[in-house]
Amino acid sequence: MKDIVPELLEKIQNSFDQKVSADKTIVAFLKKVEEGTATMEELSLYGRKLGDHLAESLLQNITPEALPDNRLYFNIANRILDETMHNNYDLVNSAAAAVQKSIDKANGIGLNTVKATYPEERVMAVINGLSDKTATWETIRSRMDEPVRNISQSFVDDFMMVNAAFRSKAGLKTHIVRSTFGKCCEWCEQLAGSYSYPEDVPRDVFKRHDNCRCTVVLKSEKGSQNVWSKKWQDPDEDVTLFSRKLIGLRNGNTTINEVSDHVLVRIHERDLDVEDIADAINRPLKTTKIKIDEQGRKSYRAIGEKATVVINPETGSVSTAWRTSRKLSAKLKKGK
């Protein structure tokens with residue numbers, strides 16, 4: 001059987017590129033990104049429009065006539081959605097990083113941005129829905145439409161969420177602003193507002209339902225509360241203080257030389273304390289064997305009483321951390 005995916009993908013990509021190039025709003029936004037004047041609200045609209053054009057391109061090119069046995073088999077849906085959704089994800093995160101960098105430069109902030117994790121489960125749910133052999137073609141088309149638009153805009157929301165955590169933990173005064181668009185539902189109306197992060201942020205503020213056009217943006221200011229001493233000072237000093245607590249520590253034959261931005265996000269998301277991370281490095285209950293990932297990077301885990309840390313033995317970089325479960329901690333302490 002002929003592999004139809006490469007040709008179909010090319011048609012979808014060409015259609016998408018043409019729509020994006022002809023979209024005056026997107027063209028104007030990208031020009032503002034280059035000039036350093038784009039806003040987060042415009043970024044949210046950009047994410048939505050990328051989803052609109054991708055959904056339209058999928059609907060135009062994926063038809064029963066273009067498919068073997070008039071069916072959208074899983075392997076076809078998976079290859080097409082994985083590539084096209086990843087493309088939108090990369091476009092959104094690239095633009096988001098550029099917009100945030102320009103805003104930070106204007107405000108005298110020197111932090112990097114964090115790339116949000118690709119939502120594998122959400123995309124896979126769409127793929128499974130498209131390849132459902134019991135679904136009518138009308139149902140498949142509906143699953144190819146709004147979910148694609150929604151997820152593309154949620155790429156922006158995910159960027160806002162992880163960078164709010166990162167910046168708050170670094171010491172910046174951070175706010176999340178959710179705004180309604182046009183006539184919206186009661187649920188969205190209730191979520192609309194400006195919230196101090198993290199203490200005032202509603203649990204559902206980063207969520208959106210089908211056909212939701214609300215924008216969720218991040219606002220951060222320099223000169224906020226220090227996350228360790230609770231004094232108000234420059235956020236760059238907070239990052240330096242965090243690094244100083246870990247850099248230079250030794251775990252076996254490895255000296256910690258670097259702490260990734262990802263760790264700053266994780267200590268907030270997972271309710272970790274920098275002292276617990278330091279304890280895991282200095283006095284681990286257990287260190288695991290070195291593993292090598294698909295990109296050839298080495299790592300091992302230092303499991304402490306309250307935190308588990310992943311370390312690259314070649315670079316001395318702490319790449320991530322999470323809370324050690326009480327059950328595992330008790331088991332390791334009992335075995336010592």
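The side chains of aspartate 52 and arginine 48 meet in a salt bridge (3.5 Å, N to O), a term for a side-chain nitrogen of Lys or Arg within 4 Å of a carboxyl oxygen of Asp or Glu. This is a predicted model, in which local features need pLDDT of at least 70, side-chain atom pairs count only at pLDDT 80 or more, and totals for chains, interfaces and linings use all residues. Residues are numbered from 1 along each chain as its sequence is written, and side-chain values use heavy atoms, leaving out hydrogens and water.

**Salt bridges**

- The structure holds 19 salt bridges.
- Aspartate 52 and arginine 48 are separated by about one helical turn, because they lie four residues apart in helix H3; helices are DSSP runs of H or I with at least four residues, strands are runs of E with at least two, and both are numbered from the N terminus.
- Aspartate 52 counts as buried at 17% relative accessibility, as does arginine 48 at 3%; buried means under 20% relative accessible area, exposed over 50%, and partly exposed in between (1.4 Å probe, protein chains only).
- A network of salt bridges links Arg48, Asp52, Asp145, Glu146 and Arg149.

**Aromatic pairs**

- Four aromatic pairs are found in the whole structure; rings of Phe, Tyr and Trp (its six-membered ring) pair if their centres lie within 6.5 Å, and planes under 30 degrees apart count as stacked, over 60 as edge-to-face and the rest as tilted.
- The rings of tyrosine 89 and phenylalanine 155 form an edge-to-face pair, because their planes stand at 75 degrees, with centres 5.5 Å apart.
- Tyrosine 89 and phenylalanine 155 are both buried.
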